[in-house]
Amino acid sequence: MSMTASLALTVPELILSIGAMLLLMVAAFGGDGLSRAIGWGAVALFGAAAFSLTGPAGSGGPGFDGLYIADSFAAFAKLLIYIAAAVSVMVAPGFFSRAGGYRAEYPILILFSAVGMGMMVSAGDLLTLYVGLELQSLSAYVLAGFLRGDTRSAEAGLKYFVLGALASGILLYGISLLYGFTGTTLFAGLSDAMSKEIGTGTMFGLVFVLAGLAFKISAVPFHMWTPDVYEGAPTPVTAFFASAPKVAAMALLMRVAVEAMGSATDSWRQIVIFSALASTILGGVAAIGQSNFKRLLAYSSINNVGFALFGLAAGTAEGVAATLTYMAVYVAMTLGSFICALQMRDADGRPIETIASLSGLSRSRPGLAAAFAIFMFSLAGIPPLFGFWPKFLVFDALVRAGFWPLAMIGIATSVIGAFYYLKIVKTIYFDEPAANYAPQASPLEGGLIALAALAVSPLGYLAIPLLDATSMAAARSLF
């Protein structure tokens, strides 16, 4: 493939990269007074990048001699990433106008992070994977500590940086081991090498690579950074961390497992099953005693990652499609929950994060209370809300692959998660009222909450034919 044809595959990344650099120049000369305009410019760039996926960038195949892959799997993941990133940009001005510290660099950092995530999901080589991962991570470290005057935000940024550097070192060491024992970093070459007998060195490399990727999706036992970073980072940043990078890292893990290590499925499946079970159990149990809503959502994300990993553990196209569907619905539920968290402000407009402050919310803000209930019930996977459907799909994929005992354990662990989600609903509807929140000040946030609530309501089942078809087409492109 020629260089021009290869560049045509990377149009989404080119749009975001060039656009981000132009907006950076605007920010440098115009200052923070243009922050909102730069934010809407970033949203427009995400829209243009998403539209470009309808061309060669969405199904053009491998480029740059296999280093970059543009297929329907990458297009599916990128669309979710761009939606989540755009929402994270749109809700930021309202939060930072009250908390202070909104700067023009915020949407630009989100753009650069999205470029890295695009490279991650389209990686066809371990080095492309690493470059994309580091570009995403470097932007994320700055975003976590974006409120420089807030001690918690600075602490979150430092913790994320230190632990992220450790995970990157583990990943890089695993890449070096795989290259040393197989002689290639291309996914296709690794698959060929692993189709033969897997030596001890190759197995160690496989484990290290999976460990590094597990950190990025905050799967147990590499989850330790998640609660502190989610709590300390500004809420729009936390919403971003819980959605877009999670989708990118999960998609990258699936591509590596299926394309690079597909011939060694029995070797990596044991690791994925352990991580899935540990994440669902720990994420559920640890969330029960939380009093901070953002920390609870952090453990909820760990719990949901575990359920998504069940689909990958099946090792089939149906399992991968179920995981993609899970991530699509998860993005809607998570973004909706965090935008609801942005409404938790006292009468003076200061953010409140305690679960106790939600007491009796149904009496003062019935619309917001209903939205909270919809998202909590959906995250718990309680029918008829749409959050039930992806859980059904991952368990169905496990049963079809012959892992019905694992599916039974997964169903049992979902009961743990249901407990703390229902506790939130009980607090909102049945506890004595706490001090009233400030009234809704942003029609945009209210509209986004309503849109997310409709997406995860029973109306979401109308999207099943389209969602199933696109996720299955994306999954089959890996096999």
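Student: Why does Glu259 count as buried?
Tutor: A residue is buried when its relative accessible area is under 20%, exposed when it is over 50%, and partly exposed in between (1.4 Å probe, protein chains only). Glu259 has 16% relative accessibility, so Glu259 counts as buried. This is a predicted model, in which local features need pLDDT of at least 70 and side-chain atom pairs count only at pLDDT 80 or more, while totals for chains, interfaces and linings use all residues. Residues are numbered from 1 along each chain as its sequence is written, and side-chain values use heavy atoms, with hydrogens and water left out.

Student: Where does Glu259 lie, and with which residues is Glu259 in contact?
Tutor: Glu259 lies in helix H13; a helix is a DSSP run of H or I with at least four residues, a strand is a run of E with at least two, and both are numbered from the N terminus. Contact means heavy atoms within 4.5 Å. Apart from its neighbours within four places in sequence, Glu259 is in contact with Ile69, Asp71, Phe187, Ser191, Met254, Ser477 and Leu478.

Student: Why is Glu353 called buried, and why is Arg152 called partly exposed?
Tutor: Glu353 has 14% relative accessibility, so Glu353 counts as buried. Arg152 has 34%, so Arg152 counts as partly exposed.

Student: What are the closest N and O atoms of Arg295 and Asp228 said to show?
Tutor: They are 2.9 Å apart, and Arg295 forms a salt bridge with Asp228. The pair links distant parts of the chain, Arg295 in helix H15 and Asp228 in helix H12 (residues 226–232), 67 residues apart. With a relative accessible area of 16%, Arg295 is buried, whereas Asp228, at 30%, is partly exposed. Arg295 and Asp228 also belong to a network of salt bridges with Arg152, Glu155, Lys159, Glu231, Lys294 and Glu353.

Student: What makes a space a pocket or a cavity?
Tutor: On a 1 Å grid over the protein atoms alone, a cavity is a set of points where a 1.4 Å probe fits but cannot get out, and a pocket is an open set with protein on both sides within 12 Å along at least five of seven lines; lining residues have an atom within 4 Å of a point. Points are joined across faces, edges and corners, and a volume is the space filled by probe spheres set on them. The largest pocket has a volume of about 790 Å³. Of its 27 lining residues, Leu80, Ile83, Ala328, Ala332 and Leu467 are the closest to its centre. H5 gives the largest share of this lining, seven residues.

Student: How many residues of the lining of the largest pocket are nonpolar, polar and charged?
Tutor: Ala, Val, Leu, Ile, Met, Phe, Trp, Tyr, Cys and Pro count as nonpolar, Asp, Glu, Lys and Arg as charged, and the others, Gly among them, as polar. The lining of the largest pocket has 23 nonpolar, four polar and no charged residues.

Student: How many cavities of 30 Å³ or more are found?
Tutor: A search of the whole structure finds four. The largest cavity has a volume of about 80 Å³, and among its twelve lining residues Thr235, Ala341, Leu342, Met344 and Pro351 are the closest to its centre. The second largest cavity has about 70 Å³, and helix H13 supplies the largest share of its lining, four residues.

Technical notes: A salt bridge is a side-chain nitrogen of Lys or Arg within 4 Å of a carboxyl oxygen of Asp or Glu.
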